[in-house]
Every structure is written in structure tokens, then in C-alpha cells.
Amino acid sequence: KVQVALACGEVVEMSGDVFGDAVNVAARLLDHAGDNETLLTSVVLAGLPPAKRIRFRSVARMQMRGRVEPAHAYPLAAH
């Protein structure tokens, strides 16, 4: 089983560990990812070329542990 989650934002590296909101969001997306699923945030999706964006579909906003606002996640659609 492979689960991938991508988020974008500022991070801080200390002693080989990485911290920051993007790291937390990616970890929370993994909580929602199914087997062999790739999830992106809207910021990552917006950075993709239009031809690649169409491969992702929107899901309902998800509430993530430790965050006040729900977030959109975009899973890679099966081809």
C-alpha cells in the first residue's frame, strides 16, 4: 500500500527533522488517504500545469485534526 500527500508552504529544518504547517497538512492528508492514493492540497494543484490538473478531482472539504478551517483535498483520479 502506498499513500502520498503533498502540501506546500514554509518549513523549518532542525537536526534532520522538518516542521511547519505544510508538514502537518501533509500528515493529516495521509490520515484520509486510502491504499495507493495520492492527495494534493489546492496550493499544490494550482502550481501544476493545466494539462496535469485535470487528472485530479475535488472532494468535499475535510476537517483535519489540529486545524480550525477544513481543507480541500484533491485525489489523483484513476485512469
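Residues are numbered from 1 along each chain as its sequence is written. Because the model is predicted, local features need pLDDT of at least 70 and side-chain atom pairs count only at pLDDT 80 or more, while totals for chains, interfaces and linings use all residues; side-chain values use heavy atoms, without hydrogens and water.

**Stop 1: strand S1.** Select residues 3–6, which form S1; helices (H or I, at least four residues) and strands (E, at least two) are DSSP runs, numbered from the N terminus. Leu6 has a relative accessible area of 41%, so it is partly exposed (buried means under 20%, exposed over 50%, partly exposed in between).

**Stop 2: Ser15.** Move to the loop between strand S2 (12–14) and strand S3 (17–19), where Ser15 sits. Its phi is near 55 degrees, a positive value in a residue other than glycine. Most residues other than glycine have a negative phi. Ser15 is exposed, at 80% relative accessible area.

**Stop 3: helix H1.** Select residues 21–32: H1 has twelve residues and spans 17 Å from first to last C-alpha, close to the expected 16 Å (1.5 Å times one less than the number of residues). Show the side chains of Ala22, Val25, Ala26, Arg28 and Leu29, the buried residues of H1. Down the helix axis they fall within an arc of 165 degrees, so they line one face; the arc is that of the directions from the axis to the C-beta atoms. These buried residues pack against S1 and strand S4 (37–40).

**Stop 4: Asn36.** Asn36 lies in the loop between H1 and S4. It is not a glycine, yet has a positive phi of about 55 degrees, and at 61% relative accessibility it counts as exposed.

**Stop 5: Thr41.** Is Thr41 buried or exposed? Its relative accessible area is 11%, so Thr41 is buried. Leaving out residues up to four places away in sequence, Thr41 touches Leu6, Ala7, Cys8, Val25, Leu29, His72 and Tyr74, where contact means heavy atoms within 4.5 Å.

Definitions and conventions: Buried < 20%, exposed > 50% of the residue type's maximum accessible area, 1.4 Å probe, protein only.
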